[in-house]
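Subject: Structure for you, with notes

Hello,

Here is the structure I said I would pass on. My notes follow it.

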Amino acid sequence: MEFRATRPPTASHKTGAFVLFRAEQSRDLGRLPVPDTVLRKLAAAAWKAKEFTGKRGQVVALHGGAGGRRLLLVGLGPRKGVDGEALREGAGNAALDLDGRGVSSATFLVPALGDAVDLAGACVEGAGLALYRFDRLKSKAPKPALGRVTVAPERGTAPSVTAPVKRAAAVMEGVRFARDLGNLPGNIATPVYLAREARTLSGRGVSVRVHDRAAIKRMRMGAFAAVAQGSHNEPRLIEITYRCGKRGAETIGLVGKGVTFDTGGISIKPAALMEEMKFDMCGGAAVLGAVHALRALQLPVNVHALVPASDNMPDGKAYRPGDIIKARNGTTIEVISTDAEGRLLLCDSLVYSADKKPDCIINLATLTGAIVVALGDSAAGLFSNDDALLEELEEAGRETGERLWPMPILPGHDEAIKSPYSDLRNSGGRWGGACTAAAFLQNFVGDTPWAHLDIAGTAWNDRPRSYLRKGATGFGVRLLVEFLARRA
Ligand code: BES
Ligand code: MN
Ligand code: ZN
C-alpha cells in the first residue's frame, strides 16, 4: 500500500475513486466539494432520495465520473460523535469496499471537521489497518486491488496533510510488522526468529543485542530461565536501544511479553482455543513494531526496549508447580501455576529495565484471561504506580483509538500473592486475576514510574471488528508511538 498526500484535487485529478466523508445532517450534502460535475450531481441526487444520509457504516458508490472516476460517500454518524475513530472506521469501510470492487487507486478527501491534520492521519490508519492481510503462508493469495491511496484536504484553505500522511504511513509499517509477528504460528515465530526479526531493525540509531539461555542465567534471571527450561526452542532476551542523539532527551523503558507459545506448561491449558496462544508474544511484537516506527520517524527520545522471548511447554525438564525460583533482584517466588508464566519472564526483565534508570517503564503483555473478563476487547487494562504517567497513556489511547482503562492495585491484591514458603507466589488465584498479576509485577520496578498494559483482550480479534480483521491487531504500536511523540 502506497500513501500519498496532495493539495485539494482539481477537475483534472486522475483517480479510481473520490472518497468523501460526511456526518448525519451535514448542510452541504446537496453541493459537495467534488471536482467532477457529474459526480457532484449524482451525489446531490443520492442525498435528495435519502439514499445517503451520513449514517455510520454507510457506503454509497456512484459511477459515471469523467475518466471512469467513481465517488464513494461514506457516513460518519451523528455530527457530535465525529472523531478520529469515526474517520478511521469510515476510511476502513471505504478501503474494503473499493478493494472488493477491484479499484486500484483512490483519493480520500479529509473533511473539514475538527483538526484536519489528525483526521488525515486517521484516513491513512483506517485504510492501512483495514487492508492489512496476513497471507504469506497461503500458497495462492490474490493480490489486493487497492494499491494507492491519496489523501487530500477537501478545500484549499485547509493546511497541508503531507506531514501527517507520511507519519501515519510510517506507523502503519510498524503495525504491519507487529501484526505479522503476531499472526505467525509458534513453529515459525520462535524466540530465535523474533530475535532475527529484531536484528533487522539495527541502524539509524537502533542497536540490538540478543542474550541466549546461558546469558539469561548469568544475568540471574532465574524466573525467566525457569519458564524457558521446558522448551527445546532456545529462549532469547532481545535488548534494543534507540538513541536519538539529542542531549537531555528522556529515556523510556519498554518491555513486551514474548511468549511464543503458551501451552500452560505442566499446569496445561485445555485444548479448546489453545492455538490462540501463538498470540502470547503480542506485547513483544508491539514493542518491536513501535521501534520500527520510531526508527522511521527518528523521534527525539531514547528508548531501551526488552522482549523476553520463550515458549512455555510441558516437558521432563519443565518447571513445576511448587518450585521456588529466584528473580534477578533476589525475590524468591513459589510457582503455583506454570501457566502464570508471563509475569515470570516480565519480572526479571523489569528489574533489568529499572537497572538502566529510565525515566519510566511501560510494559505490554497478554497477561491474564481475567482482564478479558473485565474489559472484553474494548480496552486494555492499565495499571500504574504513577498518576501522571497513567493520564498520559490514557490520553494517547483516546487519541489513537487504542483505548486503555485504569485498573487498581489494592492491598488485598498484594496480600493474595504472598507465600508461606517464599517472598511471593506467582498466582493470586481466580478473583481479581488481572490485579494480582499487576501487583506481582509492581514488586520489580522499585520506584521507577511504571505502567503495565494488560492487552490480553485487545491483542488479537477472534472475528473481524471495525477496521481490524481477524487475527493480530498490532494493539499498542500506535499508542506507544503517540506516547513517545508526546514525550519527545
Ligand atoms: N497468556 C495467558 C493469558 C491469556 C489467556 C491471554 C487467555 C489471552 C487469553 C497467561 O499466561 C495465563 O495463562 N494466565 C493465567 C494466569 C493464572 C494461571 C493465574 C490466566 O489468566 O488464567
Ligand atoms: Mn499462561
Ligand atoms: Zn501466557
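In which helix is the place of E125? E125 sits in helix α3, residues 116-131. Please keep in mind that this is a predicted model. The relative accessibility of E125 is 13%, so E125 counts as buried. Its side chain makes a polar contact with the side chain of R88, at 2.8 Å.

The metal sites

There is a zinc ion, ligand 3, and its donors are K257 (NZ), D262 (OD), D280 (OD) and E341 (OE), at 2.0 to 2.4 Å. Along the chain these donors follow the spacing K-x4-D-x17-D-x60-E. The site has 6 donor atoms with angles of 79 to 176 degrees among them, and it is octahedral. For reference, the ideal angles for six octahedral donors are 90 or 180 degrees. K257 and D262 are both buried.

The manganese ion, ligand 2, is coordinated by D262 (OD), D339 (O), D339 (OD) and E341 (OE), at 2.1 to 2.2 Å. Why is the arrangement around the manganese ion irregular? Its 6 donor atoms subtend angles of 70 to 170 degrees, which makes the arrangement irregular. An octahedral site would need opposite donors over 155 degrees apart and all other angles between 65 and 115. In sequence, the donor residues of the manganese ion are spaced D-x76-D-x1-E.

The manganese ion and the zinc ion lie 3.1 Å apart, and D262 bridges them. D262 lies in strand β10 (residues 258-262), while D339 is in the loop between β13 (332-334) and α9 (342-355), so the pair ties together parts that are 77 residues apart in sequence. D339, at 23%, counts as partly exposed. The cut-off that matters here is 20%, with buried meaning under that value.

The site of ligand 1

How many residues surround ligand 1? There are 17, and the closest are K269, D280, D339, E341 and G369. By type, the shell around ligand 1 divides into 7 charged, 5 polar and 5 nonpolar residues.

Nitrogen atoms of ligand 1 come up in these pairs:

- D280: a polar side-chain atom lies 2.9 Å from a nitrogen atom of ligand 1.
- T366: a backbone N or O atom lies 3.3 Å from a nitrogen atom of ligand 1.
- L367: a polar backbone atom is 3.4 Å from a nitrogen atom of ligand 1.

On its own, ligand 1 has 510 Å² of accessible area, and the protein covers 77% of that.

Helix α13

Is helix α13 largely enclosed or largely open? Of its 10 residues (433-442), 9 are buried, so α13 is largely enclosed by the rest of the structure. The buried residues in α13 are G433, A434, C435, T436, A437, A438, A439, F440 and L441. As background, an α-helix has 3.6 residues a turn, so residues three or four places apart point the same way.

Loop residues

- K50 lies in the loop between α1 (37-48) and β3 (59-62). Its relative accessibility is 66%, so K50 counts as exposed.
- Q298 is in the loop between α8 (282-297) and β11 (302-312). Its relative accessible area is 36%, so Q298 is partly exposed.

Another loop residue is V103, placed between α2 (84-100) and β5 (105-110). V103 has a relative accessible area of 2% and is therefore buried. From V103 to M313 there are 210 residues in sequence and 47 Å in space, C-alpha to C-alpha.

Regards

Terms used: Residues are numbered from 1 along each chain as its sequence is written. Chains are lettered from A and ligands numbered from 1 in the order in which they are written. This is a predicted model: local features need pLDDT of at least 70, side-chain atom pairs count only at pLDDT 80 or more; totals for chains, interfaces and linings use all residues. Side-chain values use heavy atoms; hydrogens and water are left out. A residue is near a molecule or strand if one of its heavy atoms lies within 4 Å of it. A polar contact is a pair of N or O atoms within 3.5 Å; within protein, one must be able to donate a hydrogen and the other to accept it, and residues adjacent in sequence count only if both atoms are side-chain atoms. Accessible areas come from the Shrake-Rupley method with a 1.4 Å probe; for residues, only the protein chains shown count as cover. Ala, Val, Leu, Ile, Met, Phe, Trp, Tyr, Cys and Pro count as nonpolar, Asp, Glu, Lys and Arg as charged, and the others, Gly among them, as polar. Helices (H or I, at least four residues) and strands (E, at least two) are DSSP runs, numbered from the N terminus. Buried means under 20% relative accessible area, exposed over 50%, partly exposed in between (1.4 Å probe, protein chains only). Donors are N, O and S atoms within 2.8 Å of the metal (3.2 Å for Na, K and Ca); water is not among the atoms, so sites may look incomplete. Four donors count as tetrahedral if all angles lie between 85 and 135 degrees; four count as square planar and six as octahedral if opposite donors are over 155 degrees apart and all others between 65 and 115; anything else is irregular.
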